[in-house]
Amino acid sequence: MLDFLQAVSDGVLFGATYALIGIGFTLVFGVMHKINMAYAAASVGGAYCGLLVLKVMAGAPAWLVFLGAFAAGGVLGWMVYLTCFHFIPLSSPLATLMSTVGMLLLIDEVIVHVTNGMPQNYPLMFDDVMLRAGEFTLRGDLLLVFGVSVLVMIGLLLLLYHTRLGLATRAVSQQPVAAQLCGIRLVRVNALTFVVTGLLGGIAGALIGASVGMLSPLLTLPLTVKGLIVTVIGGLGSVPGAIVAGLLVGGFENVLQLYRGVTERDLYVMLLLFVFLVFRPGGIFAPKSGRD
Amino acid sequence: MSLLKIQDVVTAYGKIEALKGVSLEVAPGSITCLLGPNGAGKTTLMMTVAGILKPRKGGISFAGEEIAGRAPHDIVARGVALVPENRLVFPAMTVLENLLAGAYQRGDKKAVAEDIDRMYARFPRLRERSAQHAGTLSGGEQQMLAVARALMSRPRLLLMDEPSLGLAPLVVEEIFRIIAELHRDGVSIFFVEQNAHMALKVAQHFFLIEQGRISFSGTPGALAEDEVIRRAYLGSAQQ
Ligand SMILES: Nc1ncnc2c1ncn2[C@@H]1O[C@H](COP(=O)(O)OP(=O)(O)OP(=O)(O)O)[C@@H](O)[C@H]1O
Ligand SMILES: [Mg+2]
């Protein structure tokens, strides 16, 4: 029983990063009705760029690396928008799917090339801290992952519900023609959505790197899949859904890892996806008002 | 000089030309009505003026400046607002947020707050429902909200695409009362209507569009006298 609780708690804490990745997929979907397949790869890419801080300034503190990843994520998000969406005909549903899958593979290749395919150590934070309650423990690094993720989510919700840009973003996702009639610039909102989700992705990538202790290009594909699963379970376009689904998937996979081992666990996560697709295709909270 | 001048505008969806060379003028300070059967191109014309659709040919000038092909935000900034067909409120945003979205381009927070108060005074139902999601409003309330949202940009010309569509007779009367009121406040109005009886009570000039072409232009008197139009839009016996 204790093992079980421990696995759930560790998994849910780490699941906050899945929630962030899920939010990234879901926000872009809400605004543009497109899936950005390159999102998780760009997020890992942003985390890699964070390591450049250590190149420039040897011995820089971990939080500076995280900040670098955050900023680089935003820049990468904007670049993904430009290359995969801005100049591509949006009326064709397949075009941006192809362009973003291409970008996913390209980012992977660049990472492999630059690092010679070697995993890179990532700076840890609070890895020596451990909260105990009897046998039950809370790892400091996982608490950091969770805490930072929650802060980022609160920031995002404040942005969405208390700023002009947030108002514009929600308007575009609910009714794009009316949004334009109000004087909102569609292209600008689209681009900024990519920047904002990129920032989120960069920090998520860094948190994953910090809790695993290293980054490897092998992370991008599973993370893409998990992000998509979280998006489906949470309901396409729903930010609260992505948050809940991220924590859920994190806890679920860690429990299965405990009982079935690390190689088998993702199998069950995939099965969870199909259970949702069949029994609850709209996600945990089917969104109140989607377009179409 | 006319406030809005549309010249030989052609707008197409792919190969199909929905507007085949439309020309018309709206005088400043007037209420002008565009009549026409389903599929004639009324919505296409409104969307083209608002900048959502780009004309393939022709010119549109507003207050003497060319606006054809400009982006919607630019056209709103110049003082043209459209209340779109089917209202298109933001369903998961509150009534207040819908109004704020309408004022998106305005930086003057205080004046915006005053205008919101003014809208609530004009549409008391909206004040009552201020914190409610727009998607939960009745059709009539949504239409009021769509009008109020458009007015939040302080337009000189208000375009309305079938504002009475699908509304109960009492609500339709209220919409027309509001059109007359807005006109008195100095807003020029160019609206699409299928309900010619109601339109005759407020509009000073009529255009009829059929299959993408203007087929009639004239005063309410001329409209009522035209035998063919009377039969099609007013029912032969009525006046
Ligand atoms: N998105 C579109 N794609 C292709 N054709 C379209 C599209 N929208 C409208 N049309 C066509 O253009 C023509 C004009 O349509 P429009 O919506 O402007 O008519 P309308 O006068 O507003 O009709 P209604 O009274 O039904 O609102 C119609 O023949 C219609 O089928
Ligand atoms: Mg129409």
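Predicted model: local features only at pLDDT ≥ 70, side-chain atom pairs only at ≥ 80, totals over all residues.
1. What does S6(B) run parallel to? Its partner is strand S7 (residues 157-161) of chain B, joined to S6(B) by four bridges. Within this pairing, Leu157(B) in S7(B) stands opposite Val80(B).

2. S6(B) and S7(B) belong to an open sheet of six strands in chain B, with the order S6-S7-S8-S3-S9-S10 and mixed pairing. S6 and strand S10 (213-218) of chain B are the edge strands, and each of them pairs on one side only. From one strand to the next, the twist averages 20°.

3. The next pairing in that order is between S7(B) and S8(B), which is parallel and runs over five bridges. Leu159(B) has Phe190(B) in S8(B) as its bridge partner. Helix H6 (residues 139-151) of chain B packs on this sheet and touches S6 and S7 of chain B. The direction of H6(B) makes about 170° with that of S6(B).

4. Two loop residues that follow these strands deserve a look at their backbone. Asn86(B) lies in the loop between S6 and helix H3 (95-102) of chain B. Its phi is near 65°, a positive value in a residue other than glycine. Glu162(B) lies in the loop between S7 and H7 of chain B, and it too is a residue other than glycine with a positive phi, near 50°. Is Glu162(B) buried or exposed? Its relative accessibility is 5%, so Glu162(B) counts as buried.

5. Ser188(B) is part of strand S8 of chain B. Because its relative accessibility is 4%, Ser188(B) counts as buried. Leaving aside residues up to four places away in sequence, Ser188(B) touches Leu3(B), Ala27(B), Pro28(B), Gly29(B) and Ser30(B), and also Arg156(B), Leu157(B) and Leu158(B).

6. Chain B has another open sheet, made of four strands in the order S2-S1-S4-S5 with antiparallel pairing. Strand S2 (16-26) and strand S5 (65-66) of chain B each have a single partner strand, so one side of each is left without a neighbour in the sheet. Strand S1 (residues 4-13) and strand S4 (residues 57-62) of chain B pair in the antiparallel sense over five bridges. One bridge partner to locate is Lys57(B) in S4(B), which belongs to Val10(B). Helix H1 (residues 42-50) of chain B packs on this sheet, in contact with S1, S2 and S4 of chain B, and its direction makes about 110° with that of S1(B).

7. In chain A, helix H7 (residues 164-174) packs against helix H9 (residues 186-212) at an angle of about 105°, and their axes are 10 Å apart. H7(A) is therefore roughly perpendicular to H9(A). Which residues meet here? From H7(A) they are Leu165(A), Ala168(A), Thr169(A) and Val172(A), and from H9(A) they are Leu186(A), Val189(A), Leu192(A) and Thr193(A). By class, this contact has six nonpolar residues, two polar and no charged ones.

8. How many aromatic pairs does a search of the whole structure find? Over all chains there are five. One of the pairs is formed by Phe25(A) and Tyr39(A), which is edge-to-face, with 5.5 Å centre to centre and 75° between the planes. This pair links distant parts of the chain, since Phe25(A) is in helix H1 (residues 2-32) and Tyr39(A) is in helix H2 (residues 39-50) of chain A, 14 residues apart. Phe25(A) and Tyr39(A) are both buried.

9. In chain B, the ring centres of Phe176(B) and Phe191(B) are 5.9 Å apart and the planes are at 75°, so this pair is edge-to-face. Phe176(B) is in helix H7 (residues 169-184) and Phe191(B) is in strand S8 (residues 188-193) of chain B, 15 residues apart, and the pair links distant parts of the chain. Both residues, Phe176(B) and Phe191(B), are buried. In chain A, ring pairs link Tyr81(A), Phe85(A) and Phe194(A) into a cluster.

How values were computed:
Residues numbered from 1 in each chain as written. Chains lettered and ligands numbered in written order. Heavy atoms only, no water. Pairing = 2+ DSSP bridges. Contact = heavy atoms within 4.5 Å. Axes fitted to C-alpha atoms, helices over the stretch in contact; angles between N-to-C directions. Parallel < 35°, antiparallel > 145°, perpendicular 65-115°, else oblique. Nonpolar A, V, L, I, M, F, W, Y, C, P; charged D, E, K, R; others polar. Phe/Tyr/Trp six-rings, centres within 6.5 Å; stacked < 30°, edge-to-face > 60°. Buried < 20%, exposed > 50% of the residue type's maximum accessible area, 1.4 Å probe, protein only.
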